[in-house]
Amino acid sequence: MDLTVIWAFIIAFAVFAYVVMDGFDLGIGILFPTLRVGQGRDRAMNSIAPVWDGNETWLVLGGGGLFAAFPLAYAVVLPATYPLIIAMLLGLVFRGVAFEYRWRDPAHRPFWDAAFFGGSLVAAMAQGMTLGALLQGVEVVERAYAGSWFDWLTPYTLLCGLGVVAGYALLGSTWLIWKLDGGAQKHARWLALRAAIATIVLMGAVSLYNIFLNAEYAERWLTAPEIYFAAPVPIITAIIAVSMLRAIGTDRNSKPFWLSIALFLFGMLGLGVTMWPYVVPPGLTIWDAAAPERSQIFMLVGVAITMPLIIAYTAWAYWVFRGKVSDEGYH
Amino acid sequence: MLDFLDALMLARIQFAFTVSFHFFFPAFSIGLASYLMVLEGLWLKTGRQIYLDLFKYWLKIFAIAFAMGVVSGIVMSYQFGTNWSVFSDVAGPVIGPLMAYEVLTAFFLEAGFLGVMLFGMNKVGKKLHFAATCMVALGTFVSAFWILSVNSWMQTPTGYEIAANGQFLPGPSWWDIVFNPSFPYRLVHTVMAAYLTTAFVVGGVGAWHLLKDSTNLHARKMFSMAMWMAAIVTPLQIFAGDMHGLNTLEHQPQKVMAMEGHFDSHPDGAPLILFGIPDSEAKTVRYAIQIPKLSSLILKHDLDAPMAGLDTIPDNEEPPVGVVFWSFRVMVGIGFAMLGIGMWSLFARWRRKLYDWPWLHRAALVMAPSGFVAVLAGWITTEVGRQPYVIYGLLRTADAASPLDAPAVAASLLAFIIVYFAVFGVGVWYILRLMGKVPHVGEVGVKRGDTGPIRTAGITPGPTQNPGHDETLPADKGDV
């Protein structure tokens, strides 16, 4: 199999892992103002405190991996979405330090709670808009970004941004259904139902918009024979959405969370169908942007050895902190 | 007046600013993670409560420093692409994989085990918890390994080929790329710098509490451990720095010329300029205080060895001399001051007044932040010294930047400056507050949650009196 294709899948996996894992952390941040001051917020924070750092590392793998495996794509996309990336990074700064600071300084806890919310919201919005900016196409001339300053700001990118915010809120609220019980769990259900509806509506809107966005995308989804391969994606997505809505109302454990992850998985498969084989539409394919074979092989060895270990010890860390977050917190 | 602040200069300032800020945290957390590993290991081995107390005392500080390191580090991983896209495109095939290895072998390791290290003591048991601490410490070291390999390759590039489109491609051997000529020296010198930085912080905190109460056993223990590090590692570090300098002379002679302030060649023995004011326009060092022939002795081990000066280098290949000259002297000066503290502590130990010599404690307190200054000065020396190149001799900094307009870079730079000073300033304040608390028996670890109506998680002051007889407590008592 073509090494470049393997690398495209590895990067896609890293992005997916980041989106679902940091997605529920950021989602809890986005929902933070709706949680009750005191126990409600403390427990939600405690449910992710031991794992958020590992979750965020997938973003570094996504960025670093793109730099290593598709350096040209990295060198084009980041200048093209410059303000979004800077906003995301600064948002993540506030979000990240709030985990520690809010416990260190009870007098200013409301401020750090607000920073946790604001940082999470800005980061999620910026990530969604970056995705939108990529999908709507990036102008490239002679191996460099050639568009203008504000190409990333369009109704479409805003729609994508909102979609990701809603999606992260869904992941966060279903995580809380899993980790909390009693009244807090009930509140999480209430949140999850609304986040789920918003996510489904926005996913549908972005999908429709994609078809009108450019002729090639439309061809992908609407003509034979492609349609036979593409059609199952929205159909299965719809089935997942329905069972998720039911689970949010009744399940006491992890089912809504896993179904919301499945929703993201199929959303991402849809994006893959739309973009393939471009890494930066409309001009750069994965082969245009790929690093040479020697780089790909060297890194593949590293991935093959370390990735099973990473998944194993990450799973172990989650296992250590399994179960409902009790009154006691972690100590 | 601000004409020199074009997009390129702003991008350089932005990188220098974000990387300098970032580097403070790993410089501290590399050493602190190892210190925590040693403390927990000693606790498991000896069963003495004091080690567990110190472990928990420093763990709270580590948690904050590590969080700041993580969030400022993510910025760095994207900064290459946002502001240096040409560099990313052409150098990506060679250094990208090394950075990917850093993520795979270091960042995940640190982050994956950090949660257990901070919160898991009661969930996984002592041995596994110690293993998690070791993994975090190992991760900080492995991270330094890869990122310093990348930096060293940019200073002394080897093992590459150049493609038709201008990209650097890996040659047949990755070994030649990873273990490029300056890497072993830089790695040893930087990691020891991180250990010393931490040792002087720990020593300063110990000294602060000894000044207030010289009978505090916890303060005594941390001060003693830190002073052993100062006494043993500083001489090694000075030796390693000398080796690193010789390596630089071989591979980046211009940098050494700038460090030494040698504008002119000296055919029969170059002087060591101790102080002076380099004037790049007039190509001379004003008010120079110098020792004849000593530079040749240090760098060539021969009093009369000829030394080339910057007059042999075209003007457009010269690094900025003033910055390099001064930052080098700051670093070296602090290095010898550290050596002085280390020797003083040995003398004090011999005279049995290590814990009862307020002037030693005051000196150690003053020196507490010195490691950070030295580390930063050292980095300025090496990074400014390789200018005007970003990949030494091959790619000029001016040719490596992103196609961005100055206002865009200026706006983001301003945002970074405001946010970093505010957010990390507050973080440093929280750390100083934790350091100001008296270490005591039954330290609470990183504890948070709602166990009572008015919880002030983790910062609840313990018993303020110093029992002073804690060392006889059974090991597992007070285990949180």
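How many residues does the contact take from chain B and from chain A? It takes 64 from chain B and 65 from chain A, where two residues touch if their C-beta atoms, placed from the backbone, lie within 7 Å. Keep in mind that this is a predicted model, in which local features need pLDDT of at least 70, side-chain atom pairs count only at pLDDT 80 or more, and totals for chains, interfaces and linings use all residues. Residues are numbered from 1 along each chain as its sequence is written, with chains lettered from A and ligands numbered from 1 in the order in which they are written.

Let's stay with chain B's side of that contact. Elements giving two or more residues to it include α3 (85–119), β2 (168–170) and α14 (406–436) of chain B; helices here are DSSP runs of H or I, at least four residues, and strands are runs of E, at least two. The top contributor is α3(B), with 23 residues. By class, this side has 40 nonpolar, 19 polar and five charged residues (Ala, Val, Leu, Ile, Met, Phe, Trp, Tyr, Cys and Pro count as nonpolar, Asp, Glu, Lys and Arg as charged, and the others, Gly among them, as polar).

Now look within chain B. Helices α1 (residues 7–46) and α2 (residues 49–83) of chain B pack with axes 7 Å apart, at an angle of about 150 degrees. That makes α1(B) roughly antiparallel to α2(B), a label for angles over 145 degrees. Their contact involves 26 nonpolar residues, 10 polar and one charged.

Over in chain A, residues 155–178 are 100% helix, with end C-alpha atoms 35 Å apart. Residues 297–321 of chain A are 96% helix, and there the ends lie 36 Å apart.

Note on methods. Axes fitted to C-alpha atoms, helices over the stretch in contact; angles between N-to-C directions. Parallel < 35°, antiparallel > 145°, perpendicular 65-115°, else oblique.
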